[in-house]
Amino acid sequence: MMRILAAACVMFTLSVGPAAAQRAVVRGLDKVTGHARDYTLPVGRPARIGTLEVIARACYKSAPEETPEVRIYVEVFDHPPAREGEESQRSEVFHGWLFASSPGLSALDHPTYDIWAVDCR
């Protein structure tokens, strides 16, 4: 009887927590052209958005009965064009959480690109 009760508690705890996803969906905006596009990022693998390299490390979506929220932890590196005879320098421009409900809370501060959370899949 105790095993059944313990198993039920574990299953309830797992079902109530946020759902981790394998792919994060972010929207990238090129401020120069005004073009916005959605990008699907596999968690843990780098993807290019213009000169930026974006790595989604975690993606969580709240349970359907809770207030809708998507949280994505990202690391963003910039690869600006190299000058003639030089190698491109990779520099970290942002790492932290992006929240779909508050895109300005932890916004990427980049002169050419904006990125914000959209969904977890």
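Modeller: Happy to; we can start with the overall make-up and then look at some details.

Colleague: Great. What kind of model is this, and how are residues numbered?

Modeller: This is a predicted model, where local features need pLDDT of at least 70, side-chain atom pairs count only at pLDDT 80 or more, and totals for chains, interfaces and linings use all residues. Residues are numbered from 1 along each chain as its sequence is written, and side-chain values use heavy atoms, with hydrogens and water left out.

Colleague: How many helices and strands does the chain have?

Modeller: There are one helix and eight strands. Here helices (H or I, at least four residues) and strands (E, at least two) are DSSP runs, numbered from the N terminus. Read from the N terminus, the order is α-β-β-β-β-β-β-β-β.

Colleague: And how much of the chain is buried?

Modeller: Of its 121 residues, 32% count as buried. Buried means under 20% relative accessible area, exposed means over 50%, and partly exposed is in between (1.4 Å probe, protein chains only).

Colleague: Okay, sheets next. Which strands form the open sheet?

Modeller: Three strands do, in the order E3-E2-E8, with antiparallel pairing. The edge strands are E3 (35-42) and E8, each pairing on one side only. Two strands pair if DSSP finds at least two bridges between them.

Colleague: How many bridges join E2 to E8?

Modeller: Seven bridges join E2 (residues 23-30) to E8, and the two run antiparallel. Ala 24 has Cys 120 in E8 as its bridge partner, and Val 25 stands opposite Asp 119 in E8.

Colleague: What about E2 and E3?

Modeller: Those two pair in the antiparallel sense over eight bridges.

Colleague: Let's jump to E6. Is that strand mostly covered or mostly open, and what does it pair with?

Modeller: E6 (residues 70-78) is mostly covered, with seven of its nine residues buried. Nine bridges join E5 (residues 52-61) to E6, and these strands run antiparallel. E6 also pairs with E7 (residues 91-99), again in the antiparallel sense, over eight bridges.

Colleague: Which residues face each other there?

Modeller: Cys 59 has Ile 72 in E6 as its bridge partner. Phe 77 stands opposite Glu 92 in E7.

Colleague: Nice. Which residues touch the most other members of the largest nonpolar core?

Modeller: Val 54, Ile 72, Val 74 and Ile 115 do, in a core of 22 residues. E2, E3, E4 (46-49), E5, E6, E7 and E8 each supply at least two residues of this core. A nonpolar core is a set of buried Ala, Val, Leu, Ile, Met, Phe, Trp, Tyr and Cys residues joined through side-chain atoms within 4.5 Å.

Colleague: One more topic: where is Ala 47, and what does it touch?

Modeller: Ala 47 lies in E4, and counts as buried because its relative accessibility is 18%. Not counting residues up to four places away in sequence, Ala 47 touches Leu 41, Leu 52, Glu 53 and Val 54. Contact means heavy atoms within 4.5 Å.

Colleague: And Arg 90?

Modeller: Arg 90 is in the loop between E6 and E7. Arg 90 counts as partly exposed because its relative accessibility is 46%. Leaving aside neighbours within four places in sequence, Arg 90 is in contact with Glu 53, Ile 55, Phe 77, Asp 78 and His 79.
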